[in-house]
Amino acid sequence: RRAGRAGEWLAEAGRRILWHMLTLIYLLLLALAVASWARLSWRRLRLGLIAAVVATSVTLGAFPWDLVPVDRAATLTQFAVLLAAILYALARSRASGGVKLGFVMRPFTLGLLAVGVLMAAATAFSPAPGYGVTKTALFWALSVVPYLVLGLLGPWGEREVRVAVVTLLVTSALMGLRMIDAYDQSGERVAFANLYSIAAGRIAGIGVTAALVYLLYMPVRSVRRLLAIVAVLALGAVGLGLSGSRGPVAASLTAVLALGSVLTLRGRVWLRVALRTCLAVALVASYALAIGIPLTPSQVAPGVARIVQRSMTLGANRSDMGRLERYRVAVDAFVASDFLGVGTGGFAALYAAERGSEETHDYPHNFLLEAAAELGVVGLALVVGLVVSGVAAALWVARRQPGKHAVLLSAMPIYGAANALFSYDLAGNYQMWIFLGLLVLVRAGLGRELRWAERADRGLAAALGS
């Protein structure tokens, strides 16, 4: 008995020591990230503001807001950063003699504003106007305003893209480490007081997606960068597993494969992909054989077991059946409204009536069906147009910027759109809207740089020829 108790005590002590070490590593990495951001802001304030806006508008949950003894600290920080960026843009415009608002007249910007206005107008005939107003306000605050601020901080060239990508990678790694630190075997999914498991998984999936694109498709020129990318992949992958959510996993694979279909058309990239894939499979297989492959769900983390179980029972488990029921209600609402939509937030009332329950803030878990059911054919057309515009810009960037940070960023709109097909409403999918808009800005900025470079090359060729 004494030996058994001593063993239990040692095991518990080991778990506590490991937990404290993980917490310390997380805080040290966070402190290093903040110090690097402060140094960047001191040297290049605009780039520092870009990093801050990306971190607080896209990956806000990666930070330990539960340790801050202030209510709504995360929201206050996000809006403080946006306000600081707007004030900086105004000050810069005064110094330069005008505000650069050319991006406002771009089709994507006008379309995004049109969706926001349509959502606001559609609350007038919604059977759930309260939810409609809340959703509309969140859409403007979490998607439209951050995109406009990023536009004000332009133009977007290679330096700006590099800052955004590094910020996403670092915060994604922080999210993965935070999820490992919060892991508790008693729960099915890692839970936070102020963050849903799906949202945490989406943040971790950003780093996984970017890391896979780098490792599969891009030339490796730096061992230090390679090790950093592998670390981001490892932390993000563990975080994805602990989230217990299939959506970010499927979205990450979709983005990597979709981008790969474009990148592998270039030269011998397909050979590089094949060799690296074989190497990765061999390494994983060797590791699995060395430690013993888990044979039952009880031998892996509950979140991983949940993902595997729900994937193997696709369409037949309770989660999928609930989604299919919501899809049916959304399609019925779209048709019954003569394709005009039932109003912003109206799906929640219809779904509650269908189930005979009280109205909640429910949604179809598919942004296209939500747009069709609530905003009608006009809203659906606008949303589809925005997605096509952003993804087309991403693919253009991927084709024209081989081997650069822009390729990693170009996977994000596809990742965001794929996520939006599985969960959250139009307002909750702010990552998708920001990524789509950001790639439109990047395409415009990099396109301008490419035109300048081509013009300079022609001028040099002409000078040498003469």
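What share of the contacts with a separation of 6 or more in the protein chain comes from residues 24 or more positions apart? In this predicted model, such residues account for 79% of those contacts. Of its 466 residues, 47% are buried. The accessible surface comes to about 23300 Å², and carbon and sulfur atoms contribute 67% of that area.

In total, the count comes to ten salt bridges. One of these joins the side chains of Glu 370 and Lys 135, with an N to O distance of 2.6 Å. This pair brings together distant parts of the chain, since Glu 370 belongs to helix H14 and Lys 135 to helix H5, 235 residues apart. Both Glu 370 and Lys 135 are buried.

Lys 135 also meets the side chain of Glu 374 in a salt bridge, here at 2.9 Å from N to O. Again distant parts of the chain are linked, with Lys 135 in helix H5 and Glu 374 in helix H14, 239 residues apart. Lys 135 has a relative accessible area of 1%, so it counts as buried. Glu 374 is likewise buried, because its relative accessible area is 1%.

Asp 362 counts as buried because its relative accessibility is 11%. Arg 326 has a relative accessible area of 15% and is therefore buried as well. Elsewhere, Glu 325, Arg 328, Asp 332 and Glu 354 are joined in a network of salt bridges.

Charge also gathers on the outside of the model. Arg 162, Arg 221, Arg 224 and Arg 225 form a patch of positive charge on the surface. One of these residues, Arg 224, lies in helix H8, which covers residues 223-243. With a relative accessible area of 72%, Arg 224 lies above the 50% cut-off and so counts as exposed.

The peptide bond from Gly 154 to Pro 155 is cis, with omega near 5°. Pro 155 sits in the loop that runs between helix H5 (129-152) and helix H6 (158-181).

Positive phi values are found at two residues that are not glycine, namely Asp 338 and His 365. For Asp 338, phi is about 60°, and the residue is placed in the loop between helix H12 (318-336) and helix H13 (346-355). For His 365, phi is near 65°, and its place is the loop between H13 and helix H14 (367-400). Which of these residues is buried and which is exposed? Asp 338 counts as exposed because its relative accessibility is 59%. His 365, in contrast, has a relative accessible area of 13% and is therefore buried.

Notes. Residues are numbered from 1 along each chain as its sequence is written. This is a predicted model: local features need pLDDT of at least 70, side-chain atom pairs count only at pLDDT 80 or more; totals for chains, interfaces and linings use all residues. Side-chain values use heavy atoms; hydrogens and water are left out. Patches are made of residues with over 30% relative accessible area and no salt bridge: like charges are joined within 9 Å, nonpolar side chains (Val, Leu, Ile, Met, Phe, Trp, Tyr) within 5 Å. Accessible areas come from the Shrake-Rupley method with a 1.4 Å probe; for residues, only the protein chains shown count as cover. A salt bridge is a side-chain nitrogen of Lys or Arg within 4 Å of a carboxyl oxygen of Asp or Glu. Lys and Arg count as positive and Asp and Glu as negative; His and the chain ends are not counted. The place of a charge is taken as NZ of Lys, CZ of Arg, CG of Asp or CD of Glu. Helices (H or I, at least four residues) and strands (E, at least two) are DSSP runs, numbered from the N terminus. Buried means under 20% relative accessible area, exposed over 50%, partly exposed in between (1.4 Å probe, protein chains only). Contact means heavy atoms within 4.5 Å.
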